[in-house]
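Have the structure open and follow along.

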Amino acid sequence: MTHVLSLLDPHAEQPPVDRWLAPRHWSVLRFHDVVKDYAGYDPPEVSHVMAVLAFGERVEADRPEIGKILVHCHMGISRSTAAAAILMAQLAPGSERTAFAALHRVRPRCWPNSRMVAYADTLLGRKGELVAALRAHQREILQHHPDIADLVRNVGRGDELPD
């Protein structure tokens with residue numbers, strides 16, 4: 001691994017990634033996996049997504065010496081998948097749907113954090129294309145894994161479910 005992006009809860013223990021992988025670049029961002037403001041929770045903010053994009057710029061600057069890139073969070077379902085889709089879209093403008101298709105191949109049961117994706121859409125100037133690609137991705141996930149709807153509702157994110 002040459003690059004690692006860790007998306008952790010604010011008080012989670014930091015994994016010793018540098019001891020395991022010795023990445024050239026390692027960024028750690030701390031916030032909860034929520035999509036609304038709730039008392040006692042630190043939601044993803046614009047600054048967090050700006051940091052994801054800055055990580056992407058560092059990755060791009062390391063060409064051609066880029067090795068494997070690890071993007072991880074606690075469960076590998078929401079924060080990390082949102083960040084991975086954001087990074088793919090950042091590096092290939094106009095490929096929003098392709099980014100989510102690639103994500104789906106790697107992580108078939110993922111549900112990217114919609115708040116993070118919405119911030120990235122604005123920051124990248126995608127005029128709703130990244131959000132639209134996320135919504136299409138969500139519809140596809142629900143077709144193949146309808147049980148995810150209950151999981152999304154149970155964690156208080158039912159408003160993310162497509163109509």
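A word on the ground rules: this is a predicted model, where local features need pLDDT of at least 70, side-chain atom pairs count only at pLDDT 80 or more, and totals for chains, interfaces and linings use all residues. Residues are numbered from 1 along each chain as its sequence is written, and side-chain values use heavy atoms, with hydrogens and water left out.

Start with helix α3, residues 79-91; helices here (H or I, at least four residues) and strands (E, at least two) are DSSP runs, numbered from the N terminus. Buried means under 20% relative accessible area, exposed means over 50%, and partly exposed is in between (1.4 Å probe, protein chains only). What does the covering? The cover over the buried residues of α3 includes β1 (3-8), α2 (46-61), β3 (69-72), α4 (96-106), α5 (114-123) and α6 (129-144).

Now zoom in on Arg 79, which lies in α3 and is buried at 4% relative accessible area. Beyond its neighbours within four places in sequence, Arg 79 is in contact (heavy atoms within 4.5 Å) with several residues, among them Leu 7, Phe 31, His 74 and Met 116. Asp 9 is a contact too, and the side chains of Arg 79 and Asp 9 meet in a salt bridge at 2.8 Å, N to O. Asp 9 sits in the loop between β1 and α1 (17-21), so the pair ties together parts that are 70 residues apart in sequence.

Another one joins Arg 115 and Asp 37 at 3.2 Å, N to O. Arg 115 lies in helix α5 and Asp 37 in the loop between β2 (25-30) and α2, so this pair ties together parts 78 residues apart in sequence. Arg 115 is buried at 13%, whereas Asp 37 is exposed at 59%.

Methods: Salt bridge = Lys/Arg side-chain N within 4 Å of Asp/Glu carboxyl O.
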